[in-house]
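Have the sequence and the model open beside you as you read.

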Amino acid sequence: ANTAGVHVVWSDGLQRERLALRQDMKPFDDLRVRQAVAHAIDKNAIIKNILGGHAVPIHGPLVPLEWGYDKNLKDPYPYNPARARELLAQAGHPNGFAVDFEYAPGITPKNNETAEAVVNYLAAAGIKAKVNAIDYGKFTSKSRTRALAPLNTSFWTGGGNFHGWKPFAILIDCEKSSALWNPKPRYWCNA
């Protein structure tokens, strides 16, 4: 609706929506399964059809507004459900598998719809994700104690000190950055 004297301006931001695959838990300890998940989801369709084009896919840890972002990076895992099924078969899951999926509704724009789309894309590749929507307080508590489901989604906004984040820690190697974040190895190690 138009309101006299009000002008809405869209602006790029630093927030990322992420799908976390717990590499410390089966079946995501297998690189082929993680790659299959990445190929199974049509990120561009989610951005276009759910987020109304108000997002960009990123192919690394940085968003376009951040120093060091490389606009020339290409998606290493483009949407390819046939490749996703092939990788699952290679990893010993020819009929897919079931997995718990947790997220906190309402913490990012349209994340209910995004979670539903992710579940549907995964199902088409043979991964049956059982959704558990939990409030943000419980989600944060489970995140800090490493109790989240093997598949979960959340957000990360650049800067600040969220969960002990140290600037540029993600850009250095896994073992060195682990000491900056937490004494235990990070979930993204050896991705």
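Helices here are DSSP runs of H or I with at least four residues, strands are runs of E with at least two, and both are numbered from the N terminus. The model is predicted, so local features need pLDDT of at least 70 and side-chain atom pairs count only at pLDDT 80 or more, while totals for chains, interfaces and linings use all residues. Residues are numbered from 1 along each chain as its sequence is written, and side-chain values use heavy atoms, with hydrogens and water left out.

Let's begin with His 39, which sits in helix α1. Its neighbours in contact (heavy atoms within 4.5 Å), not counting residues up to four places away in sequence, include Ala 84 and Leu 87. Pro 76, Tyr 77 and Pro 78 are also among them.

| Residue | Relative accessible area | Class |
|---|---|---|
| His 39 | 9% | buried |
| Ser 11 | 64% | exposed |

Ser 11 belongs to the segment before β1 (15–21). His 54 is 43 residues from Ser 11 in sequence, yet their C-alpha atoms are 9.0 Å apart in space.

Now to helix α3 (residues 81–90), whose buried residues are Ala 84, Leu 87 and Leu 88. Viewed down the axis of α3, these fall within an arc of 100° (taken from the directions from the helix axis to the C-beta atoms), so they line one face of the helix. Their cover includes α1 (31–40), β2 (97–103), α4 (111–125) and β3 (127–133). Just after α3, Gly 92 adopts a positive phi of about 90°.

Terms used:
Buried means under 20% relative accessible area, exposed over 50%, partly exposed in between (1.4 Å probe, protein chains only).
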